[in-house]
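Good morning, everyone. I have one structure to walk you through. Please bring it up on your screens.

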Amino acid sequence: MTTSDNISSCISGDESQALPVSAAQAVIRRWVQPVATIERVALRAALDRVLAEDVISPINVPAHDNAAMDGYAFDGAVLSEGPASADGAGAAQLTLDVSGEALAGHPFIGTLAARQCVRIMTGAPMPAGSDTVVPQEFVTRSGGRIAFDARQVARGANCRRAGEDLARGCPALHAGRIMRPSDVGLVASLGIAEVAVRRRLRVAFFSTGDELRSIGEPLEAGCVYDSNRYTLSAMLARLNVEALDLGVVRDEPAALEAAFRSAAQSADVVLSSGGVSVGVADFTRRMFETLGDVAFWQLAIRPGRPLAFGRLWPNAESGRNSQERPALFFGLPGNPVAVMATFYLIVRETLLAMSGARAPAPLQLTAVATAAIKKRAGRTEYQRGIATREADGTWRVAPTRSQGAGVLSSMSEANCFIVLAHEQGHVAAGERVEIMPFEGLI
Ligand code: AMP
Ligand code: MG
């Protein structure tokens with residue numbers, strides 16, 4: 001069956017045809033368009049932003065040949081000229097005259113002659129006529145001379161060459177890079193004050209459900225506090241997107257339609273939670289026929305089976321061929337763990353790509369399951385696990401006590417997802433499984 005067959009059967013509501021995760025990711029990629037607007041920001045403000053252009057080095061790094069150790073700089077040609085004297089132990093003693101000093105920021109002015117050297121500190125520019133540094137611990141100094149065993153040093157040793165880290169004109173960082181602290185420092189080391197980044201992605205989100213109450217409101221029978229907006233805003237904050245919280249929307253077609261319309265007008269991506277499971281999705285589906293297109297309604301994933309993905313046209317009535325860009329839309333499940341799992345496994349990658357980022361896939365490791373794990377073939381499962389590293393370096397993983405899609409404490413208890421592939425069946429204790437650590441992901 002092709003992906004498009006899968007899509008249409010999902011839209012038609014055939015539950016046996018939930019889309020496999022890899023197919024869903026391929027469908028989503030087809031509709032992703034990175035934010036086009038570029039802004040220039042001061043370097044300090046560039047942390048966690050996405051570079052819009054390569055950063056090209058205007059200088060050689062390091063700018064000059066310089067010493068990699070404290071010692072004495074000299075012309076290494078003398079090393080091949082044979083020893084000035086050889087002692088009884090076979091050492092090839094070389095004797096050099098000390099003609100000055102070079103410190104970081106205080107170069108030696110002048111050119112060294114053969115068999116002359118300069119006392120040099122790490123980072124100081126190599127004096128003209130020198131190419132080698134003998135570390136100070138190899139040297140005996142008496143007055144204005146040093147002596148050392150020439151066999152301990154090779155020509156060119158302990159000297160960092162100009163342009164060795166980065167040559168002038170070469171890219172130091174590539175477009176699509178999410179700026180880390182080391183990148184901010186790297187750009188500073190090039191003397192660059194500003195970088196071009198993409199506009200932050202705007203993501204609007206809201207919760208749906210008549211049973212939802214906000215913090216501060218009394219909790220009547222049958223009601224729950226809305227936690228999804230809090231987890232969503234926290235997860236979005238980590239991705240450094242501009243998050244627009246549109247509150248709680250009642251399970252009423254008119255209210256939902258108004259929420260989707262205003263969200264599509266103000267955001268690049270719209271996330272809703274709740275209201276997409278089979279029982280309640282019908283009016284949502286009809287609404288999408290006027291507001292946009294839906295690519296799929298169901299994913300072969302657990303937790304998170306009811307998950308809608310589509311596009312919303314900001315002004316649907318005025319036609320879809322206008323210059324306007326549609327907002328991407330994810331209708332996430334209502335269950336709090338399902339919201340988090342689908343966010344990390346489906347939405348996150350989309351938000352990064354929409355932000356223009358070229359980010360590596362989340363880290364996965366192999367671990368030994370400490371207990372049997374129930375798993376049905378035909379869907380990808382992301383169970384919550386607690387991974388520990390043994391003294392011999394192997395990883396072990398135990399599933400958390402509860403795997404319920406509504407048990408949010410299992411996410412707090414866990415430190416990884418146990419990733420059980422689409423075709424995989426039950427796992428026996430002692431079998432190897434893939435884990436995706438939360439560290440670096442959440
Ligand atoms: P639904 O997908 O709307 O049928 O919701 C599935 C389950 O998730 C129900 O038990 C809801 O009460 C719960 N739920 C939905 N939205 C939220 C939310 N924002 N915060 C906490 N629980 C929610
Ligand atoms: Mg609901």
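Let's start at Asp75. Setting aside neighbours within four places in sequence, Asp75 is in contact with Gly129, Ser130, Asp131 and Arg155. Contact here means heavy atoms within 4.5 Å.

Before I go on, a word on the ground rules. This is a predicted model, where local features need pLDDT of at least 70, side-chain atom pairs count only at pLDDT 80 or more, and totals for chains, interfaces and linings use all residues. Residues are numbered from 1 along each chain as its sequence is written, chains are lettered from A and ligands numbered from 1 in the order in which they are written, and side-chain values use heavy atoms, with hydrogens and water left out.

Back to Asp75. Where is Asp75? It sits in the loop between strand E4 (71-74) and strand E5 (85-86). Helices (H or I, at least four residues) and strands (E, at least two) are DSSP runs, numbered from the N terminus. Asp75 is partly exposed, at 23% relative accessible area. The scale is this: buried is under 20% relative accessible area, exposed is over 50%, and partly exposed lies in between, with a 1.4 Å probe and protein chains only.

Asp75 also makes polar contacts. The side chains of Asp75 and Arg155 are joined by one of 3.2 Å. A polar side-chain atom of Asp75 also lies 3.0 Å from the backbone nitrogen of Ala77. A polar contact is a pair of N or O atoms within 3.5 Å; within protein, one must be able to donate a hydrogen and the other to accept it, and residues adjacent in sequence count only if both atoms are side-chain atoms. One more pairing: Asp75 and Ala114 are 39 residues apart in sequence, yet 6.3 Å apart in space, C-alpha to C-alpha.

Next, Ser57. Is Ser57 buried or exposed? Ser57 is buried, with 2% relative accessible area. Its place is in the loop between E2 and E3. Leaving out residues up to four places away in sequence, Ser57 touches Leu166, Ala167, Arg168, Gly169, Cys170 and Leu190. A polar atom of the Ser57 side chain lies 2.5 Å from the backbone oxygen of Ile59.

The peptide bond joining Val61 and Pro62 is cis, with omega about -10 degrees. Another cis bond runs from Arg302 to Pro303, with omega near -5 degrees. Pro303 is in the loop between strand E20 (301-302) and strand E21 (306-312).

Now two positive phi values. Asp48 is not a glycine, but its phi is near 70 degrees. Asp48 lies in the loop between strand E1 (38-42) and E2. At 39% relative accessibility, Asp48 is partly exposed. Asn240 is not a glycine either, and its phi is about 60 degrees. Look for Asn240 in the loop between helix H4 (228-238) and strand E17 (242-249).

How many residues does the largest nonpolar core have? It has 49, and those with the most contacts inside it are Leu271, Phe296, Phe330, Phe343, Leu351 and Phe417. Helix H7 (residues 336-354) gives the largest share of this core, 12 residues. By definition, a nonpolar core is a set of buried Ala, Val, Leu, Ile, Met, Phe, Trp, Tyr and Cys residues joined through side-chain atoms within 4.5 Å. Take Leu351. Not counting residues up to four places away in sequence, Leu351 touches Leu201, Val203, Leu236, Leu239, Val269 and Phe343. A second, separate core has 21 residues, including Val270, Met287, Trp297 and Ala327.

Cysteines, quickly. A disulfide is a pair of cysteine sulfur atoms within 2.5 Å. By that rule, the count is 0. Cys159 is in no disulfide; its nearest cysteine sulfur, that of Cys117, is 15 Å away. Cys159 is buried, at 11% relative accessibility. Cys416 is buried too, at 1%.

Last stop, ligand 1. Which residues come nearest to ligand 1? Of the 14 around it, they are Glu211, Asp226, Ser227, Gly275 and Gly334. Around means that a heavy atom of the residue lies within 4 Å. A side-chain N or O atom of Glu211 is 2.6 Å from an oxygen atom of ligand 1. A polar side-chain atom of Asp226 lies 2.7 Å from a nitrogen atom of ligand 1. That's my tour. Thank you.
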